[in-house]
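Below is a short briefing on one structure.

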Amino acid sequence: MSNPETAPTRASRRGQHATRSELPASEPSRPRPVVAAASIVLGLALALAATNQSDALMLGSYIAAVLCVGCGLPLLAAVPAPRSSASVIVATGIGLAVSRAATDTEPLLEVAPVAAGIGIVLMCLVPLVHARARAQLTPWLTATAMGIAVALCGIVLTIVESDERAPVVVAGVAVAVSALVDLAFERPRLHVWMLPVAMVAGGAAGLLVELVVSGEVLLWAVLVGVLSAGVALAVRRLVSRQQALEHPLAALAAGATSVLVVGPVVLTLARTFLG
């Protein structure tokens, strides 16, 4: 038998229910037009560059995306000394692009680990001379390492052979389509369908792109579109609640990151289906 002094009364239960009712509902964040715009523009730029036989355009679109990531990712992570972190990320990205441009034979990324290693060394050296970075060492290193990792994912897109860059075209269009789905479905009753709809739309876009480019309906184009759209949307959802996204550069970095991270997916499927 419960103690009448400790048993909840009807009035106290009503008060607890009212308190729970006043708590904010868990709803998705509002649409982020700058993030979506960055994903669309950079995704389509990547697709257009991939249709050309020149490696210079691919590397140019890659460097543009890395500049966006480097300038905004430290702000997105709200780390101290964001300029130092941005400098390390951008320098690493440019080093990766130079190493790729200097290699004409397989393995095309043979020198890339050297550029990445130099970036990691710089990342470790900066806190030794920068007091603000040293004061919050773990967040600073985490954000900078994340930027280097994104740059490494992006450089993978540039090693798909010139005559087999259709997967890169499909991936760029799929990322752009997923950004449109992101805006359209970021509503309280629709956000649960955002990921499956984006993946289906990405697969349909991949199928359409391959049909236009080669006149054939191929399975690998659907897989590239589905996975690229899903990965890109997942990255944008991961950062969608960050307050720092109110800053335009941070939003730009989020969109650029969602484009570059699809690199390993595209390369894996291209090597699997196209050799």
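Which residues are linked in a network of salt bridges? They are D55, R100 and R165, where a salt bridge is a side-chain nitrogen of Lys or Arg within 4 Å of a carboxyl oxygen of Asp or Glu. This is a predicted model, in which local features need pLDDT of at least 70, side-chain atom pairs count only at pLDDT 80 or more, and totals for chains, interfaces and linings use all residues. Residues are numbered from 1 along each chain as its sequence is written, and side-chain values use heavy atoms, leaving out hydrogens and water.

**Salt bridges**

- The structure holds 5 salt bridges.
- R100 and D55 meet at 3.7 Å, N to O. R100 lies in helix α4 (residues 82-101) and D55 in helix α3 (residues 55-76), so the pair ties together parts 45 residues apart in sequence; helices are DSSP runs of H or I, at least four residues, numbered from the N terminus.
- R165 and D55 meet at 2.6 Å, N to O.
- R165 is buried, with a relative accessible area of 2%, whereas D55, at 31%, counts as partly exposed (buried is under 20%, exposed over 50%, partly exposed in between, with a 1.4 Å probe and protein chains only).

**Helix α9**

- Buried residues of α9 include M194, A198 and G202. Seen down the helix axis, the buried residues of α9 fall within an arc of 165 degrees (taken from the directions from the axis to the C-beta atoms), so they line one face.
- On the other side of α9, V200 and L208 are exposed.
- Just after α9, G215 takes a positive phi of about 75 degrees.

Note on methods: Helices (H or I, at least four residues) and strands (E, at least two) are DSSP runs, numbered from the N terminus.
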